[in-house]
Amino acid sequence: MTTPIAGADETAEEFRNRLARFLTDYHPGPAPKDPSERFAWVKGWLATMYDEGFAGPSWPRELGGMDLPFDKQVVYQEEIARSKLPTSIGTGLAIAGPTIIKYGTDEQKRRLLPGLLRGDSMWVQGFSEPGAGSDLPSLRTSAHRVGDEYVVRGEKIWTTMGQGADIVFTLVRTGTQESRQHGISYLLIDAHQPGVTIRPIRDLTGGRQFSQIIFEDARAPVANRIGEENEGWPLVRTSLGHERAAGAMNQAAMYRRVVNELIELAHDRGATADQAVRDTLTDFEMRIRIMRYSAMRVISDIIATGEPGPAASTTRLFNTLFEQDLHEFAVDMLGTYGVIRPGGPSSIQRGRWTRGFLSTRASTIGAGTAEIQRNTVAEKVLGMPYDPAMPSA
């Protein structure tokens with residue numbers, strides 16, 4: 001890495017200027033349309049960020065991160081969102097990374113994390129199963145130890161970006177089925193080996209972002225188990241907390257831009273002459289500010305305790321409902337244009353609002369359903385009675 005990491009004597013504004021110069025000077029240009037070329041473009045950009053010292057704003061410096069204080073993490077996410085450039089491939093960086101930082105051995109951290117941060121390999125999450133989504137303790141994918149390896153059999157579903165996976169960070173049952181959360185282990189599995197089959201799933205938008213992953217006697221070294229055998233549940237809670245908190249500040253900055261663009265679209269179409277439209281846009285303006293402050297709170301909690309805590313569920317629930325409401329409003333405002341196929345010749349802005357409407361239907365399902373988030377908020381934030389059907393440890 002050639003760029004010096006921000007020092008204590010550098011103000012947040014000085015850091016903003018330095019980061020903005022980097023994003024301008026090293027900008028990789030427009031993303032290619034061809035999927036394989038775009039993938040290589042993203043990996044090249046991530047390597048540049050790492051090599052120049054601008055990757056991992058919250059990660060320890062010894063692992064290649066920047067270890068930024070709170071105010072500079074906020075700046076970092078705002079500037080990255082403004083640039084519209086990617087900061088990761090797959091889901092491993094935001095979810096598995098913090099889990100390994102907390103629970104991994106020193107050897108695992110040195111071996112796994114720099115390459116993950118640099119984008120040298122793509123990690124994807126294998127948690128949900130056909131019969132174990134919100135009720136993760138009922139998962140059935142098994143891992144039996146044979147010498148220094150585990151032999152894995154089972155099926156995972158709704159894996160985001162699964163088709164490009166190098167590593168699947170997954171939950172496996174190493175105990176009995178009756179042991180539920182007390183018999184789960186956290187395992188990293190090579191996605192390219194025999195015994196791993198990845199099949200795309202077409203979603204509502206027509207895309208293939210999700211996949212089914214089938215393990216048929218796939219192998220994983222014991223050295224790729226994070227934490228102790230049968231003690232993976234605390235790691236699950238860490239991973240899910242970071243999944244719900246991941247990119248909260250970046251998402252807030254991104255939706256700041258989206259709300260501005262929606263207001264501009266409403267003006268251009270003359271919709272703001274309607275008082276009801278103005279009231280809704282005002283509501284979105286208030287909610288986007290709340291989103292930003294909530295994201296700042298999550299970052300503050302992670303810096304203070306290493307965990308996002310129950311605030312991550314509050315933020316996740318708020319954000320998912322917001323993005324659904326926003327796209328529903330946009331499609332309604334467009335009228336008949338809102339039902340035109342995205343990318344069609346008569347679509348507005350290439351159908352971005354319709355595509356957003358379709359894709360956000362799943363927002364209240366992924367990373368824990370809205371019902372799960374409400375349970376967490378009720379019990380951990382509001383102190384309401386605990387649901388005995390859900391595991392506490």
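Analyst: A nonpolar core is a set of buried Ala, Val, Leu, Ile, Met, Phe, Trp, Tyr and Cys residues joined through side-chain atoms within 4.5 Å. Buried means under 20% relative accessible area, exposed over 50%, and partly exposed in between, with a 1.4 Å probe and protein chains only. This is a predicted model, in which local features need pLDDT of at least 70 and side-chain atom pairs count only at pLDDT 80 or more, while totals for chains, interfaces and linings use all residues. Residues are numbered from 1 along each chain as its sequence is written, and side-chain values use heavy atoms, with hydrogens and water left out.

The largest nonpolar core has 61 residues, and W123, V152, Y186 and L188 touch the most other members. Helix α2 gives the most to this core, with 6 residues. Helices (H or I, at least four residues) and strands (E, at least two) are DSSP runs, numbered from the N terminus.

Leaving aside residues up to four places away in sequence, V152 touches T141, S142, A143, V172, L187, I189, F215, E216, D217 and A218. Contact here means heavy atoms within 4.5 Å. Another core lies apart from the largest one; this other core has 27 residues, among them Y255, V259, L265 and V277. In soluble globular proteins, nonpolar side chains tend to be buried together.

Helix α2 (residues 35-51) also packs with helix α5 (residues 106-118), at an angle of about 115° and with the axes 7 Å apart. Axes are lines fitted to C-alpha atoms, for helices over the stretch in contact, and angles run from 0 to 180 degrees between N-to-C directions. On the α2 side the contact is made by K43, L46, A47, Y50 and D51, and on the α5 side by P114, L117 and R118.

Now the whole chain. The protein chain has 11 helices and 8 strands. Its radius of gyration is 22 Å, close to the 21 Å that the globule rule gives for 393 residues, so the chain is as compact as a globular protein of that length. That radius is taken over C-alpha atoms, and the globule rule is 2.2 Å times the number of residues to the power 0.38. Along its principal axes the C-alpha trace spans about 70 × 50 × 45 Å. Buried residues make up 50% of the 393 residues. Among contacts between residues at least 6 apart in sequence, 70% join residues at least 24 apart.
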